[in-house]
Amino acid sequence: MLIGIDVGGTCTDAVLLDGGAVCATAKVETQDDLLISLGDALDNLLKGIPSHKIERVVFSTTLVTNLIAEKKYDPVGVVIMPGPGRTFSDLRDQDDVFCLNGAIDYRGREIIPLQPSQMEEVLAWLEAKGYNKVAVIGKFSTRNNSHEVKVADFINKHHPDWQVEMGHRAGGKLNFPRRIANTVLTCATRQKYRYFTKAVRDAMARRNITATVFILKADGGTLPLSASEEVPVETIFSGPAASTLGVQALTPPGETSLVVDIGGTTTDLALVLSGNPLLASKGAKIGERYTQVRALAVHSVPVGGDSVVERVGKEFIIYSERMGPAYCLGGPMPTPTDALRVMGISQIGDEDRAHEAMTILGAPLGMGVREVAQAIVNLVIDMVVVEIERMYMEWEQEPAYRVWEVIQKCKVRPQNVVGVGGGAAGFVPQIAARLGCTPILPPHAPVANAIGAAVARPTLQVNLMADTERQIYIVEEEGYQGQLAGKLDELSAVELTKSWLLKRAEKMNLRSYVDEIEIINQDVFNVVRDWQTTGRLFHISVQTPRGILAHIGTGGRFLP
Amino acid sequence: MSKKTGVIFFPAFDWAISPTHPEREERLLYTRDQMFEEGILDLPEIQQYAPRMASKHDIARVHFCVPNVEEQVLDAHRIAAGAAIDLGDRVMAGEIANGFALVRPPGHHAMRVVHGNRGFCNINNEAVLVEYLRKTYGVKKIAIVDTDVHHGDGTQDIFYHDPDVLFISFHQDGRTIYPGTGFTYELGGPGAYASTINIPLPPGVTDSGLHYVMDHLILPILKDFQPDFVVNSAGQDNHFTDPLGRMKITAQGYARLTEKLKPNLAVLEGGYAIETALPYVNLAILLALAGKDYTSVVEPEYNPAKFKESPKVTSEIGRVVEELQEIWAKRHQFDKYTLAKGTGFYQRTKPIFYDTHYIEEKQIEKVRVCDQCSGFISLDSQAYHPNGKHYRICAISIPFQSCKSCQAEAWESYEQAKGDPHFDYIYLQDKSTDTFMIYQRLGNREIRSDG
Ligand SMILES: [Zn+2]
Ligand SMILES: [Zn+2]
């Protein structure tokens with residue numbers, strides 16, 4: 001049996017799945033102490049179920065997201081080696097940054113050596129500023145991490161108790177500014193995240209649950225709890241991933257669906273393309289900064305059931321903030337929830353108060369209550385539909401770097417609009433009608449996010465770059481740099497990459513999840529000097545297939 | 001925030017002429033690595049877009065592909081040209097302030113008639129863009145500034161008789177480098193005198209020499225011409241590490257040039273120092289377009305001590321600039337009939353060599369000297385293709401703003417050529433109505449395409 005738990009801002013949702021069936025669900029209020037909510041949710045689920053029957057537990061947590069949002073972490077000293085290129089003056093405004101000389105180029109060659117005299121300077125700077133958490137990041141460090149290692153070792157030699165994080169370990173892809181963000185955030189949150197993982201282990205042990213515990217990532221994959229301690233930042237924004245995977249589990253396999261999650265003040269939109277959730281082309285964004293965290297493409301519209309509605313002149317305006325509950329639930333201002341109540345689409349709250357709310361808005365214009373309610377519902381739908389169109393346009397504008405990618409790119413439009421969340425029943429049928437799609441309100445929609453967590457698969461990726469001219473290769477995820485043993489052709493390069501994936505799976509105790517390895521990128525470039533091919537560059541990426549472990553039920557109720 | 005710089009990055013990682021050819025898959029690989037690592041596409045000042053394909057009609061509006069567009073143009077070419085068009089649309093819509101089509105394959109050696117690949121080019125990306133902009137938005141005056149080390153002979157050929165397109169090319173002197181053209185006396189046809197400006201420069205020009213040319217010649221000419229749209233044919237083989245050119249320009253030199261030129265659109269052309277130049281030059285140009293600080297983009301090989309320009313080079317630059325300043329100042333003193341030696345038709349014979357496919361084309365170009373417009377053009381071109389087939393074609397081009405009588409006469413010529421058994425194919429390109437005709441003698445077939 002699988003357990004999925006989604007710790008959201010207001011509610012903690014949990015489900016217990018057995019095969020494709022939902023055995024139990026629980027919904028508790030999220031407490032300040034996350035572990036109390038976790039414990040409550042688990043105890044609610046497990047009534048009468050022996051703990052040894054649980055094979056797997058997956059959490060989605062907002063812990064790190066909140067730590068970052070609320071800046072509840074220790075300051076981090078940032079040491080960068082930017083080399084030639086952008087000046088990064090904008091970056092220096094955001095962080096307290098020390099720049100070191102020394103540079104690596106795109107093929108991992110040292111082009112400017114580190115300046116030993118600067119090591120003492122950087123140490124003095126860190127000490128003077130009182131940092132004991134340090135992030136060390138070099139440009140192209142994923143292609144050659146020797147500078148980072150040297151600087152980190154030097155700092156650690158003088159301060160073994162300091163926490164020093166290196167860029168090539170915190171983010172393996174090319175993108176120096178995003179790697180800086182990842183490293184700083186990893187450095188800032190790891191300690192607090194460890195308290196959390198320890199407490200989770202305690203909670204499991206106290207209930208005799210011996211199943212493997214996973215954490216959901218923003219890209220909809222899972223990580224074993226222990227592995228997640230290395231990369232706590234990967235756990236940010238896993239909430240939207242949870243509900244998207246939930247929808248994927250609750251709709252028929254292989255379909256193209258738009259996921260509309262209507263909450264109190266925001267509506268989240270996501271896309272499932274032929275059964276696979278769409279990934280954001282850029283990494284998850286924190287504030288105005290991109291990270292290297294791979295995330296599903298989720299668009300937020302600032303409107304929900306509790307958004308405040310006001311009349312300005314002859315128009316109604318929906319504000320993104322919440323002033324309390326809907327008027328029909330005793331709140332101070334009219335909301336879309338009141339409009340739904342008047343339209344008879346929802347049964348929430350007091351009908352008379354809902355009418356009163358519409359009257360407040362409509363009376364000065366001589367409009368009837370139903371007329372006002374319809375206008376408000378239309379406004380909400382307009383806002384959502386505009387954003388959906390924008391999302392598609394953005395998706396169509398995603399770059400392509402190969403001829404075949406441009407040729408195969410065609411306009412895709414969804415078959416289904418799938419609604420989850422509080423306001424879904426009220427708005428989704430009309431949004432679907434506007435888009436010419438089938439509306440689906442799946443069963444268990446209120447706990448779709450917990451279902452998403454429960455069925456999420458562990459995902460493993462390995463990116464390898466080999467350079468036969470220099471006889472070296474690197475594995476981004478592992479921060480590994482090694483020598484090639486003899487000749488390498490395209491086939492053996494792929495095999496080498498796959499072997500690293502298996503090694504990684506073994507290390508994380510995930511070997512049983514790897515029965516198939518997908519090649520997601522396979523580029524070979526000739527290195528030519530004076531019209532002679534002197535070597536080859538291989539860029540190979542492999543992964544375990546994305547997807548979910550199970551589909552639930554028959555795939556949703558189709559509305560008339 | 002002010003408007004963004006649009007970028008279409010299309011490295012065509014799955015297309016090459018041949019495995020060790022300088023124009024190959026690897027060409028933009030290190031540019032990609034440098035751009036991605038700098039996080040430049042995350043900058044709020046820069047917006048990346050997906051490429052799209054130019055239509056066959058977009059290409060036929062410019063080129064006479066022999067025997068047809070399908071035979072000469074691959075998907076990769078259509079995407080490169082399509083990227084330029086897409087960014088052009090966005091500039092015209094006011095969505096972006098300027099743009100950079102960082103694409104391959106390049107295009108500035110592709111001429112009006114296309115029998116094959118010339119200098120790594122099949123179709124001319126800038127010309128396809130320019131004709132598209134004129135047809136779609138009625139843009140009147142366009143300037144193309146070609147900053148490649150090689151003479152932009154294809155672009156020159158296409159706009160040689162067009163007074164509304166100012167073509168300025170600086171390049172390494174044609175006596176020392178492919179394609180061997182681009183001298184100061186190539187100034188455009190009689191109806192478009194001095195709308196072609198060639199600035200041949202001696203090998204060894206440094207940033208200071210280049211900026212002398214910019215400040216004293218190119219910028220003043222542009223100021224006089226007052227273009228509505230400026231395209232930079234942005235070749236980067238003037239770089240001091242380029243294996244094909246012998247110039248000494250740096251990334252900083254290119255960036256400052258971009259800053260001064262303020263092109264609406266830059267389209268990548270050559271540049272074959274794929275490791276030592278392109279990652280840095282492309283980055284610097286992109287930063288300059290976006291108004292960002294580019295001063296730290298310095299090539300690892302750069303050593304300021306080695307970058308003194310020889311006095312001989314400097315004085316030669318001064319001489320060329322002076323010569324062209326004078327030509328430009330006196331450009332209005334010539335009348336088109338005098339330039340055409342008093343005849344109603346201006347005619348020139350052009351031997352054209354296609355270095356990639358070893359094709360030798362013989363071409364006779366005739367332009368009507370007209371009071372009302374720039375005059376229609378007719379071409380008689382023949383060549384053996386690599387498949388052994390011989391093609392002789394007649395091609396007629398009616399300018400964008402042609403007069404009624406030129407238009408009528410051109411259509412009449414087309415009908416007449418259809419009766420001439422010497423020609424295997426007869427083409428008509430009516431830019432004034434955006435119509436394209438092909439007549440194939442074999443099987444007596446005629447195809448019409450409207451925009
Ligand atoms: Zn060139
Ligand atoms: Zn005329």
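Tutor: A salt bridge is a side-chain nitrogen of Lys or Arg within 4 Å of a carboxyl oxygen of Asp or Glu. The model is predicted, so local features need pLDDT of at least 70 and side-chain atom pairs pLDDT 80 or more, while totals for chains, interfaces and linings use all residues. Residues are numbered from 1 along each chain, chains are lettered from A, and side-chain values use heavy atoms.

Student: How many salt bridges does a search of the whole structure find?

Tutor: The search covers all chains. Its total is 62.

Student: Which residue meets Asp96(A) in a salt bridge?

Tutor: Asp96(A) belongs to the loop between helix H3 (89-94) and strand S6 (97-99) of chain A, and its partner lies 33 residues apart, in helix H4 (residues 116-129). Helices (H or I, at least four residues) and strands (E, at least two) are DSSP runs, numbered from the N terminus. At 3.1 Å, N to O, the partner is Lys129(A).

Student: Is Asp33(B) buried or exposed?

Tutor: Buried means under 20% relative accessible area, exposed over 50%, and partly exposed in between (1.4 Å probe, protein chains only). The relative accessibility of Asp33(B) is 2%, so Asp33(B) counts as buried.
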